[in-house]
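Have the sequence and the 3D view open while you read.

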Amino acid sequence: MNKLLKALTASAAGVFAVGALAFTAFAEDYTFDISEPVQSNGSWGQSFTYYTANDEGHPGNFDATWITPDSEVVVDYTYEGETNKAPLELIWQTWDGPKEVDPDVMGKWNRVSPYEYDETSAKFSYEDIVNAYGTDDFSTVYAINVGDTGVMLTVTGVTITNCDIVEETETEAETEAETEEDTEAAEEAEETDVEEAAEEETEAETEEETTVTTTETEKETTVKETKAETESVTTAATTNIADNAPKEGGGGAVAVIIIIVVAVAAAGVGIYFVVKKNKGKYY
């Protein structure tokens, strides 16, 4: 695990030494997602509003600074009502946001008329947008709106062509952050391994203690059972002897004495006859 941490640290140092901000810019059309079109109120209301990525309070995916001199805004729409002019207008909006507004900006609500339009689509040029806004610095464009000019307008599509979409591919800060995350993950994994090993050791010790305790308990139980059995046998034998022993003051003692006397008498008679029979042999 220590080798892994050293390798990660070395890699981070190498990347940090040669790291630099790298960006990839490429021109393409940007189409806004309008999954649920909204109809305006027909009284200079808005059918489309998009808060750009320039405003920290409403961060979107589109950055207005991606627009180039080759860009134009194309709007698809339907509308209800009669008009003798373009049924829609483009609005470049700003307010007191995270950046100080360029003094050349015309106002907070800057209207742009289309240079070309028909019943279903309209086009707005880069030059007209710059002239209406007052500058080509769009870093303080916080909202892009499409509103009606007195008809009930429904915007179904908005595309800005030829944008220099800038995507951050790799940064020194991101690389360092990723390395720190990898290092933290490795340290957490190592701590987890140590904790698991400690838990396993504790479980093993507990199991061993339990086994020893169980064995000792079984031994004690066996000893107690053997002792009990021995005491039981001894008690039974003692009881048997006591039951068969002659009773004090009873006929048992007399019977024994009579038996002894008879045995002695029989032995004496036997000896007498033997001596008498063999008398001649010894005299």
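1. First, a term: a residue is buried when its relative accessible area is under 20%, exposed when over 50%, and partly exposed in between (1.4 Å probe, protein chains only). Helices (H or I, at least four residues) and strands (E, at least two) are DSSP runs, numbered from the N terminus. This is a predicted model, where local features need pLDDT of at least 70, side-chain atom pairs count only at pLDDT 80 or more, and totals for chains, interfaces and linings use all residues. Residues are numbered from 1 along each chain as its sequence is written, and side-chain values use heavy atoms, with hydrogens and water left out.

2. Look at helix α2 (residues 126-133): Tyr126, Ile129, Val130, Ala132 and Tyr133 are buried there. They sit on the same side of α2, because they cover an arc of only 165° around the axis (taken from the directions from the helix axis to the C-beta atoms).

3. What do the buried residues of α2 pack against? Their partners are β3, β4 (88-93), β5 (109-112) and β7 (121-125), with contact meaning heavy atoms within 4.5 Å.

4. Now the open sheet: four strands in the order β2-β8-β4-β5, with antiparallel pairing. Strands pair if DSSP finds at least two bridges between them. The edge strands, β2 and β5, each pair on one side only. Between β4 and β8 (residues 143-148) there are six bridges, and Gln93 stands opposite Ala143 in β8.

5. Finally, Thr52 is in the loop between β2 (46-51) and β3 (72-80). Thr52 counts as buried because its relative accessibility is 0%. Among the residues Thr52 touches are His58, Phe62 and Ala143.

How values were computed:
Lists of a residue's contacts leave out its neighbours within four places in sequence.
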